[in-house]
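Trainee: Can you walk me through this one? I would like to start with the charged side chains.

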Amino acid sequence: MHILLVLAHPLPESFAASVTRTAREALETSGHTVDLLDLYAEDFDPRLSRAERGGYFDVPYDTSAISGIVARLKAADGLVLVFPQWWFNFPAILKGFIDRVFAPGVAFTHDAAGGRIVPQLTNIKLLYALTTTGSPWWLVHFYMGNPVRRLLKRGIANFCAKRVKFRILSLHDMDRATDAKRKAHLERVRKALAAI
């Protein structure tokens, strides 16, 4: 498979960067090809422009400002997102990536009858999220209802790429994670991606 591996963290020395290196190594060792898209290193602009929003229902939708990234997404068989959860949500740069790149004509089309959208990312067979949270597991799941998982699985995966294999691997309570706990999580990531 050809995997688009997206990193959304501003610090090159971050744990997310370590997760990304582990994921890439595991995928390449298993024979997959990897296209690394480091949103910060590539200076991705997460802001949906006035023209992009104004033309949202134009056919065809103008993706010229992000055509390179759209081509990379369309060339992929799988998508792996690596990011921290901040305030129980995506980092702004990743949200902007989704807003701008998962656009009409790319990730979906508008149903001519209105109301529904039709998935267009038929090339994407798997969507994995490798993430961390500063909060403990129980707070993310029971109090907040695991919003990132719901958005990715019920929203993005189901509306853009039907029958996609979805998985999320999270290291909870990251701010208090010991070195041993971080290493164990990296091994979990390695095993999960090596099995793809």
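Mentor: Start in helix H7: Asp179 and Lys183 are four residues apart there, so about one helical turn separates them. Helices are DSSP runs of H or I with at least four residues, strands are runs of E with at least two, and both are numbered from the N terminus. This is a predicted model, where local features need pLDDT of at least 70, side-chain atom pairs count only at pLDDT 80 or more, and totals for chains, interfaces and linings use all residues. Residues are numbered from 1 along each chain as its sequence is written, and side-chain values use heavy atoms, with hydrogens and water left out.

Trainee: What do Asp179 and Lys183 form, and how far apart are the closest N and O atoms?

Mentor: They form a salt bridge, with those atoms 3.2 Å apart. The term means a side-chain nitrogen of Lys or Arg within 4 Å of a carboxyl oxygen of Asp or Glu.

Trainee: Is Asp179 buried or exposed?

Mentor: Asp179 is exposed at 51% relative accessibility, and Lys183 is exposed at 54%. Buried means under 20% relative accessible area, exposed over 50%, and partly exposed in between, using a 1.4 Å probe and protein chains only.

Trainee: Which residue does Arg190 pair with in a salt bridge?

Mentor: Glu187, with the closest N and O atoms 2.5 Å apart. Both lie in H7, three residues apart, which is about one turn of the helix. Arg190 is partly exposed at 35%, and Glu187 is partly exposed at 31%.

Trainee: How many salt bridges does the structure hold?

Mentor: Ten. Asp35, Glu42 and Arg72 are linked in a network of them.

Trainee: New topic. Why is helix H4 described as largely enclosed?

Mentor: Because seven of its ten residues, in the run 92–101, are buried. Among them are Ile93, Leu94 and Phe97. The buried residues of H4 pack against several elements, including strand S1 (2–7), helix H3 (67–75) and helix H6 (147–160). Contact here means heavy atoms within 4.5 Å.

Trainee: And where does Trp87 lie?

Mentor: In the loop between S3 and H4. Trp87 is exposed, with a relative accessible area of 81%. It has a positive phi of about 55 degrees, although it is not a glycine.

Trainee: Which peptide bond is cis?

Mentor: The one from Val59 to Pro60, with omega near 0 degrees. Pro60 is in the loop between H2 and H3.
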